[in-house]
Amino acid sequence: MLIDGLFLIFSIIRTLSYIRRSSNNANLSFILTIAFCKLLIMGNCQNNPLPVDTFFGFPTALPTWPTGGGFGSGEMDLGGLQIRKVSTFKKIWTSYQSGMNNFGATFFEPDPIPDGFSMLGSYAQTNDQPLFGWNFVGKSDGTDILKQPTDYTLVWSDTSTTESAYFWLPIPPDGYKAVGFVITTTADKPSLDKIRCVRSDFTDESEIEAWIWGQGGMNVYGSRPKTRGTNAQQLSVGAFLVQTDNYTDTLPCLKNNNSTVSAAPNLSQIKAVFNTYSPYIYFFSKENYLPSSVNWFFSNGALLYKKDDESNPVGIEADGSNLPQGGSNDGAYWIDLPGGKNERRRVQGGDLQSAEAYLHSKAVLGGAFTDIQVWLFYPFNGHATAKLGIIHEISLGKIGEHVGDWEHVTLRISNFDGVLYRVYFAAHAGGTWVDASLLEYVGGGGAANKFVGYASHNGHAAYFQAGEYVQGPGEVGIRNDTGKSDMVMDTGASFTVVAADGLSAAEGVVEPAWLEYAREWGPKISYDFGKEVKKLERWLPGKLKSLFKKLVEKLPEEVYGEEGPTGPKMKSSWDGDEI
């Protein structure tokens with residue numbers, strides 16, 4: 001009892017220290033919840049329910065999707081290999097330590113497996129969130145695409161806890177590859193009929209995506225295909241992989257060899273899915289630069305400039321039909337705000353009432369999923385604000401200002417059942433994938449399954465929680481403040497599908513002219529950056545002046561904001577994967 005008590009005290013001290021060091025207030029409530037649960041676990045309270053013991057469910061039941069094509073059919077044909085997504089599981093083993101927040105992880109098998117199908121791998125998840133995942137199971141009627149392993153190799157075992165765990169790697173026949181592990185709680189090898197290996201021509205390279213759990217020289221990871229993006233053939237099994245000091249291989253992913261059958265949604269299905277999950281985007285209470293529709297921006301005096309003829313800008317048609325089409329971002333043209341001072345200021349502020357979400361739907365991960373990118377346009381990006389130690393908020397003058405700002409979030413939808421799997425929140429030059437089980441939902445009425453997103457003050461980066469996000473090391477960096485206010489956009493209330501891979505104009509998807517405009521949506525700004533910095537340095541005391549200089553040296557390129565951005569179709573994520 002004394003040892004247990006000392007261990008619990010030590011855990012409390014360590015947890016409070018972790019909370020104190022956390023600089024992201026947006027995650028404070030989450031950290032406190034995890035910390036409390038962790039203390040229960042490490043205080044020998046392992047009988048208490050874990051978050052992973054509860055299966056995640058959306059606030060209300062999902063609708064029945066419009067019919068047509070292979071979307072929502074529950075099964076895919078990869079060219080002779082039939083796969084189904086199983087998202088119910090049988091728990092095999094739980095570790096109560098290590099992993100994210102030292103919270104442990106739980107390992108599962110897909111269960112029940114449909115008749116005629118076989119397990120390809122097992123699922124693992126951290127204990128600090130509700131159970132929400134999937135495994136693909138496979139069937140190859142009348143073909144030799146799937147075969148039993150010839151044996152197993154024990155890669156790692158843990159016999160130090162009440163219930164032991166053994167991680168087995170299937171040994172495939174010649175010409176086949178294992179795509180998942182088997183975990184047992186006894187030292188007996190699994191049955192050879194437990195799992196199937198996949199013929200090599202239905203596999204491809206994968207890579208580590210995220211760490212799940214590990215201890216004693218062994219680590220468990222989630223994986224993803226190495227080749228990703230629009231219409232890439234590779235798809236993950238949904239299984240974990242194991243690496244140890246003696247085993248460092250990465251198991252392959254699956255490959256879709258069927259180019260004739262698509263499970264991607266048609267236009268009516270895209271609209272139905274988006275109406276179900278479409279985000280509510282909240283703007284910070286001090287936000288002065290709101291989104292607008294592109295048509296509103298053009299109709300309210302936006303001008304098109306041409307290099308070497310800058311004194312003769314032309315107005316832009318409401319639909320963008322007089323914008324130069326195609327080509328590359330060669331600096332020959334750019335867009336700017338109206339010429340008059342009052343008009344510029346008015347248009348800078350945007351027009352939330354006219355704001356529209358522009359959707360791009362594309363097949364990803366071997367056609368097993370659809371990414372729906374949700375693009376918002378802001379006429380103006382405001383100045384950056386810094387945090388310098390005890391000075392929580394300091395304006396950076398004009399640094400960060402630029403005309404035109406395109407921001408987005410991406411919904412990843414399962415083509416098997418239309419379930420929202422995760423959401424990508426783009427923030428500056430990067431972003432974060434967030435599982436659907438961790439999102440905030442509107443709740444109530446027809447909006448129950450719509451999730452909430454937050455646009456940061458002035459810069460409009462997307463986040464899934466409200467709070468202060470500091471872009472930089474420790475207590476010094478660029479502030480990205482988010483929070484709820486009366487300014488909110490229901491993207492489902494006004495949206496247009498501007499592009500959908502595989503769907504033509506005849507099928508109802510017409511790309512607007514402005515989507516093919518390859519140049520910048522704002523002029524190059526020529527303010528004196530050094531002068532702006534010196535203005536701010538002048539009144540800072542010595543220590544803070546030093547911190548400020550270090551901050552300026554490490555500012556990410558997008559903060560300088562000297563040039564306007566290109567449009568959505570010119571972004572690497574348009575055809576590639578979100579990074």
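A: The largest cavity holds about 110 Å³ of space, in a model that is predicted. A cavity here is a set of points, on a 1 Å grid over the protein atoms alone, where a 1.4 Å probe fits but cannot get out; grid points are joined across faces, edges and corners, and a volume is the space filled by probe spheres set on the points. Local features need pLDDT of at least 70 and side-chain atom pairs count only at pLDDT 80 or more, while totals for chains, interfaces and linings use all residues. Residues are numbered from 1 along each chain as its sequence is written, and side-chain values use heavy atoms, with hydrogens and water left out.

Around the largest cavity there are 16 lining residues, of which Ile281, Leu376, His408, Val409 and Ala462 lie nearest its centre; a lining residue has an atom within 4 Å of a point. At least two residues of this lining come from each of β25 (369-381), β28 (402-414), β31 (452-455) and β32 (462-463), where strands are DSSP runs (E, at least two residues) numbered from the N terminus. By type, the lining of the largest cavity comprises 11 nonpolar, 4 polar and 1 charged residues, with Ala, Val, Leu, Ile, Met, Phe, Trp, Tyr, Cys and Pro counted as nonpolar, Asp, Glu, Lys and Arg as charged, and the others, Gly among them, as polar.

The whole structure has 3 cavities of 30 Å³ or more, and the second largest cavity holds about 70 Å³. Its lining includes Val179, Ser206, Phe240 and Cys253, and divides into 8 nonpolar, 4 polar and no charged residues.

Notes:
On a 1 Å grid over the protein atoms alone, a cavity is a set of points where a 1.4 Å probe fits but cannot get out, and a pocket is an open set with protein on both sides within 12 Å along at least five of seven lines; lining residues have an atom within 4 Å of a point. Helices (H or I, at least four residues) and strands (E, at least two) are DSSP runs, numbered from the N terminus.
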